[in-house]
Amino acid sequence: MNDLINIMAKIELFAGEKMRKTPFISGYRPLFEFNGANTKISGKIDLIDTELFHPGKSGTIQITFNKGLINESHFKVGEVFTFSEGVNPLGKGEIVDVINL
């Protein structure tokens, strides 16, 4: 049994004051918030075709989540989310493909 959920998502990492100032690499684990979910969930980002993801950039990435932390109904194409390292969102995204549930 696979205890992981893998998705492809198009994200935007916000730039500006009070935002992340440095790029991140594969393995970055922010908190994700999906509309209607009762909690935030940690996920691991794997970059595609780049080693660094800079503030102000948009691109497609893969995200891996552990199953059971939020309802699997949130993981569908077109679902939007925000991600953060705390209270304020650092970026937003949209699921473009569900690899496995």
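This is a predicted model: local features need pLDDT of at least 70, side-chain atom pairs count only at pLDDT 80 or more; totals for chains, interfaces and linings use all residues.
**Exercise 1. The overall fold**

Task: Work out how many helices and strands the protein chain has, and what pattern they follow along the sequence.

Solution: 
- Step 1. Start with the count: the secondary structure comes to zero helices and six strands.
- Step 2. Next, read along the sequence, where the pattern is β-β-β-β-β-β.
- Step 3. Then turn to the contacts between residues at least 6 apart in sequence: 63% of them join residues at least 24 apart.

**Exercise 2. Size, surface and charge**

Task: Compare the radius of gyration of the protein chain with the value for a compact globule of 101 residues, then describe its surface and its charged side chains.

Solution: 
- Step 1. A compact globule with 101 residues would have a radius of gyration near 13 Å; the protein chain has 13 Å, so the two agree.
- Step 2. Along the principal axes, the C-alpha atoms fill a box of roughly 40 × 30 × 20 Å.
- Step 3. The accessible surface comes to about 5,700 Å², and carbon and sulfur atoms account for 51% of that. Of the 101 residues, 36% are buried.
- Step 4. For the charges, count 11 positive and 12 negative side chains; the centres of the two sets lie 5 Å apart.

**Exercise 3. Asn 6 and its surroundings**

Task: Decide whether Asn 6 is buried or exposed, and find the residue whose side chain makes a polar contact with that of Asn 6.

Solution: 
- Step 1. Locate the residue: Asn 6 sits in strand E1, which covers residues 4-13.
- Step 2. The relative accessible area of Asn 6 is 11%. Buried means under 20%, so Asn 6 is buried.
- Step 3. Setting aside neighbours within four places in sequence, Asn 6 is in contact with Gln 62, Ile 63 and Thr 64, and also with Val 98, Ile 99 and Asn 100.
- Step 4. The partner we want is Thr 64: a polar contact of 2.9 Å joins its side chain to that of Asn 6.

**Exercise 4. Two residues with positive phi**

Task: Examine the phi values of Lys 18 and Asp 49, and say where each residue lies.

Solution: 
- Step 1. Recall the background: most residues other than glycine have a negative phi.
- Step 2. Lys 18 is not a glycine, yet its phi is positive, at about 65°. Asp 49 also has a positive phi, near 65°.
- Step 3. Lys 18 lies in the loop between E1 and strand E2 (31-34), while Asp 49 lies in the loop between strand E3 (41-47) and strand E4 (58-66).
- Step 4. The cut-off for exposed is over 50%. Lys 18, at 70% relative accessibility, therefore counts as exposed, and Asp 49, with a relative accessible area of 80%, is exposed as well.

**Exercise 5. A loop histidine and a strand glycine**

Task: Classify His 74 and Gly 59 as buried or exposed, and list what each one touches.

Solution: 
- Step 1. His 74 belongs to the loop between E4 and strand E5 (80-84), whereas Gly 59 is in strand E4.
- Step 2. With 11% relative accessibility, His 74 counts as buried; Gly 59, with a relative accessible area of 12%, is buried too.
- Step 3. Not counting residues up to four places away in sequence, His 74 touches Phe 34, Asn 35, Gly 36, Ala 37, Glu 79 and Ile 95. On that basis, Gly 59 touches Ala 9, Lys 10, Ile 11 and Phe 53.
- Step 4. Finally, Gly 59 and Gly 93 are 34 residues apart in sequence, with their C-alpha atoms 9.4 Å apart in space.

Terms used: Residues are numbered from 1 along each chain as its sequence is written. Side-chain values use heavy atoms; hydrogens and water are left out. Helices (H or I, at least four residues) and strands (E, at least two) are DSSP runs, numbered from the N terminus. Buried means under 20% relative accessible area, exposed over 50%, partly exposed in between (1.4 Å probe, protein chains only). A polar contact is a pair of N or O atoms within 3.5 Å; within protein, one must be able to donate a hydrogen and the other to accept it, and residues adjacent in sequence count only if both atoms are side-chain atoms. Contact means heavy atoms within 4.5 Å. The radius of gyration is taken over C-alpha atoms; the globule rule is 2.2 Å times the number of residues to the power 0.38. Accessible areas come from the Shrake-Rupley method with a 1.4 Å probe; for residues, only the protein chains shown count as cover. Lys and Arg count as positive and Asp and Glu as negative; His and the chain ends are not counted. The place of a charge is taken as NZ of Lys, CZ of Arg, CG of Asp or CD of Glu.
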